[in-house]
Amino acid sequence: MAAIPTMRRRMLGAELRKIRERQAVKAEATAEVMGWHPSKISRIESGRSGLRTHEVNALLDFYVVHDPDTRAALESLAREGKRRVWWQPYNDVLTPRYLDYLSFEAEASAARSFQTVLVPGLLQTPDYARAVIRALKPERPADEVNALVDVRLARQNAALSREDPLALWAILDESILHREVGGRVTTAKQLMRLAEAADEPNVTLQVLPFGAGAHAGMLGPFVILKFPVQSELDVVYAEGLASSVYLERDADRAAYSATFDRLRAAALDVDPSRDAILRRARGHS
């Protein structure tokens with residue numbers, strides 16, 4: 001079974017909540033009419049539970065929504081189980097938290113990333129990705145490592161080469177340019193790939209130099225995923241060794257957005273960043 005696209009559940013829930021609130025209908029009243037436990041409305045509107053298309057239509061009937069375009073759009077969001085996603089062939093080697101992240105990224109219009117140790121996955125070369133996966137998951141057999149590398153490459157293509165490519169703004173700690181991953185040749189090629197990516201219209205790269213000293217991102221890496229139209233669905237993703245955290249509260253999003261802005265101001269501008277990357281590439285070659 002394909003992974004359920006978490007983001008589409010959240011989009012559906014957010015739209016249904018807005019419709020209910022516009023109609024001035026209480027969640028308890030909706031649950032009573034639908035014959036559901038009151039907590040189900042909360043789970044649906046927060047994206048924690050999905051809906052079948054006939055349930056969506058029943059809700060829209062209750063909310064007196066007859067616009068065919070609205071109904072068709074919400075029915076499409078509800079048909080998650082039938083929606084084939086690019087990562088479906090790799091489900092057996094992907095963890096639930098990675099599947100969740102892929103579903104968020106697939107719907108996002110922009111990503112703002114701060115990385116302290118590794119090149120962002122969306123910009124990794126195959127050899128660099130393989131070295132990282134082997135270091136992080138030494139117990140994985142070679143065929144699974146190769147599959148995970150394939151996932152990384154397919155993810156890059158899906159996000160950065162689609163018709164409306166993801167707008168990626170990545171800030172890299174300077175230490176990333178100095179750490180050899182997979183050997184000197186692999187590292188040099190990876191840095192050249194970063195320099196090439198810096199010339200792509202949908203990619204912005206900045207290097208946070210050692211000279212910046214203490215900075216706003218010292219607590220660790222994070223990614224802010226932004227979604228078209230529905231800014232209230234923007235999410236902050238922070239990954240740890242054993243768990244990942246998605247932060248969705250307005251206060252959390254605002255705090256991380258402010259942190260990213262401070263990091264952007266402290267980092268080298270785009271052209272000096274590209275020059276720094278190229279210098280280190282020559283140093284590794």
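Colleague: What makes the contact between the side chains of R20 and E45 a salt bridge?

Modeller: Keep in mind that this is a predicted model. A salt bridge needs a side-chain nitrogen of Lys or Arg within 4 Å of a carboxyl oxygen of Asp or Glu. For R20 and E45 the N to O distance is 2.7 Å, so the pair passes that cut-off.

Colleague: Why can you say that this pair ties parts together?

Modeller: R20 sits in helix α1, while E45 belongs to helix α3 (residues 38–45), so the pair links parts that are 25 residues apart in sequence. Both R20 and E45 are buried, too.

Colleague: How many salt bridges are there by this rule?

Modeller: The count is 17. One of them joins R253 and D250, at 2.3 Å from N to O.

Colleague: Where do R253 and D250 lie?

Modeller: Both are in helix α11 (residues 250–266), 3 residues apart, and that is about one turn of the helix.

Colleague: Is R253 called buried or exposed, and why?

Modeller: Buried means under 20% relative accessible area. R253 has 11% relative accessibility, so R253 counts as buried.

Colleague: And D250, buried or exposed?

Modeller: Exposed means over 50%. D250 has a relative accessible area of 59%, so D250 is exposed.

Colleague: What makes R162 and D164 a salt bridge?

Modeller: Their closest N and O atoms are 3.6 Å apart, and the limit is 4 Å, so the pair qualifies. D164 comes out at 52% relative accessibility, so D164 counts as exposed.

Colleague: Where is V64, and what is its phi?

Modeller: V64 is in the loop between α4 (53–62) and α5 (68–78). Its phi is positive, about 60 degrees, although V64 is not a glycine. V64 has 51% relative accessibility, and the cut-off is over 50%, so V64 counts as exposed.

Colleague: Now the sheet. What is the order of its strands?

Modeller: The sheet is open and has 6 strands, in the order β3-β2-β1-β4-β5-β6, with mixed pairing.

Colleague: Why do β3 and β6 stand at the edges?

Modeller: β3 (203–208) and β6 (244–247) each have a single partner strand, so one side of each has no neighbour in the sheet. From one strand to the next, the twist averages 15 degrees.

Colleague: How do you know that β1 and β2 pair?

Modeller: Two strands pair if there are at least two bridges between them. Strand β1 (residues 110–115) and strand β2 (residues 167–173) have 6 bridges, in the parallel sense, so they meet the rule. You can look for S113, which stands opposite A170 in β2.

Colleague: What span is expected for helix α10, and what span does the helix reach?

Modeller: Helix α10 (residues 184–197) has 14 residues. At 1.5 Å a residue, 20 Å is expected, and the helix reaches 20 Å from its first C-alpha to its last.

Colleague: Which residues of α10 are buried, and what do they pack against?

Modeller: Among the buried residues are T186, Q190, L191 and R193. The buried residues of α10 pack against α7 (126–136), β2, α9 (175–178), β3 and α12 (270–284).

Notes: Residues numbered from 1 in each chain as written. Predicted model: local features only at pLDDT ≥ 70, side-chain atom pairs only at ≥ 80, totals over all residues. Heavy atoms only, no water. Helix = DSSP H or I, 4+ residues; strand = E, 2+ residues; numbered from the N terminus. Buried < 20%, exposed > 50% of the residue type's maximum accessible area, 1.4 Å probe, protein only. Axes fitted to C-alpha atoms, helices over the stretch in contact; angles between N-to-C directions. Expected span 1.5 Å × (residues − 1). Contact = heavy atoms within 4.5 Å.
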